[in-house]
Amino acid sequence: FQAAFTLLLGPFTFFNVQKTKYLQIMTSLMRWIAFILMIILALIRISRGQAEGHPSMAQLSGIRNLFGVCVYSFMCQHSLPSLITPISKKKHVNKLVLLDYILILAFYSLLSFTAIYCFRNDTLMDMYTLNFTNCDIISVAFIRYFLGLFPVFTISTNFPIIAVTLRNNWKTLFHREGGTYPWLVDRIVFPAITLIPPVLVAFCTHDLESLVGITGAYAGNGIQYLIPAFLAYCSRKDTQLVFGSGTVNKHLSPFRHSFWIVFVLIWGFSCFIFVTANIVLSESKL
């Protein structure tokens with residue numbers, strides 16, 4: 001299956017993926033259907049008195065995996081440009097963005113809480129949709145197969161787009177002013193160094209929980225906290241140079257004070273140290 005996935009979707013890394021409007025619409029539609037189905041099925045099982053979940057108040061050992069989950073929920077940030085750009089009058093943009101994030105939080109919370117109360121902790125699979133493939137909640141085979149294959153659908157549509165984006169980032173990272181890449185480097189080397197690492201990782205491990213925990217603990221920490229803080233700081237400095245220090249931005253954030261940038265940086269480094277200590281202690285116990 002991994003070989004089939006690589007052979008079918010890997011070649012897209014060597015080309016450009018454009019005009020993905022309808023592909024993204026279809027992916028979004030499937031996400032909505034899958035999320036609503038999982039929430040409804042979990043609620044049905046809870047309402048029948050068949051719920052098996054008895055979650056504890058907190059587990060410090062789950063902090064490492066919490067970062068892995070957070071980095072995926074943080075992906076909703078990628079939708080901000082497509083939300084804000086079409087708005088011609090941005091007078092109420094802050095309220096609209098707040099409403100959007102409240103809706104996202106509500107869906108994540110509803111999906112998470114129905115999951116932890118519907119299933120026992122030891123039966124919850126790393127890929128939550130698989131809990132419904134052999135479940136007594138629904139007898140319709142099509143729905144079970146749809147939820148079981150839902151991650152395949154989303155990854156199949158997202159993988160080429162993300163791979164092409166990463167390949168272009170590689171090119172930008174190593175780009176020299178006024179220089180061009182040889183054909184072999186441009187069309188073979190950059191796509192290869194984009195495609196081979198994820199294929200090797202998928203071949204070497206199937207422990208999704210640990211993989212998400214480690215990548216989220218470090219890469220997620222930088223993506224969520226460190227990089228945005230530095231971007232905010234540099235963009236504010238650049239704005240002052242371009243427009244002058246006396247210019248007033250009507251859409252200033254409530255967190256415009258420099259204190260929040262320092263706070264986020266301190267928080268990010270603290271999380272980095274805490275998660276590293278947690279990983280070391282967990283591995284030493286094993």
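**View 1. Buried residues of helix 2 in the predicted model.** In helix 2, the buried residues (under 20% relative accessible area, with a 1.4 Å probe and protein chains only) are Thr27, Met30, Ala34, Met38, Ile39, Leu41, Ala42 and Arg45. Helices here are DSSP runs of H or I with at least four residues, numbered from the N terminus. An α-helix has 3.6 residues a turn, so residues three or four places apart point the same way. This is a predicted model, in which local features need pLDDT of at least 70 and side-chain atom pairs count only at pLDDT 80 or more, while totals for chains, interfaces and linings use all residues. Residues are numbered from 1 along each chain as its sequence is written, and side-chain values use heavy atoms, with hydrogens and water left out.

**View 2. Helix 2 from end to end.** Helix 2 is built from 27 residues, and the distance from its first C-alpha to its last is 39 Å. That is close to the expected 39 Å, where the expected span is 1.5 Å times one less than the number of residues. Just after the helix, Gly49 has a positive phi of about 80°.

**View 3. Helix 2 against helix 6.** Two packed helices are described by the angle between their axes and the distance between the axes. For helix 2 (residues 21-47) and helix 6 (residues 141-173), the axes come within 10 Å and cross at roughly 145°. Axes are lines fitted to C-alpha atoms over the stretch in contact, and angles run from 0 to 180 degrees between N-to-C directions. The crossing is left-handed, that is, the near helix is turned anticlockwise from the far one by less than a right angle. Residues of helix 2 in this contact include Met30, Ala34 and Met38, and those of helix 6 include Phe146, Phe150 and Phe153.

**View 4. Thr114 in helix 5.** Thr114 belongs to helix 5 (residues 93-118) and counts as buried because its relative accessibility is 4%. Its side chain reaches the backbone oxygen of Leu110 at 2.7 Å and the backbone oxygen of Leu111 at 3.0 Å. Leaving aside residues up to four places away in sequence, Thr114 touches Ile39, Ala42, Leu43 and Ile46.

**View 5. Leu7 in helix 1.** Leu7 lies in helix 1 (residues 2-9). Leu7 counts as exposed (over 50%) because its relative accessibility is 66%. Leu7 and Ile196 are 189 residues apart in sequence and 12 Å apart in space, C-alpha to C-alpha.

Notes. Helix = DSSP H or I, 4+ residues; strand = E, 2+ residues; numbered from the N terminus. Contact = heavy atoms within 4.5 Å. Polar contact = N/O pair within 3.5 Å; in protein donor to acceptor, adjacent residues only side chain to side chain.
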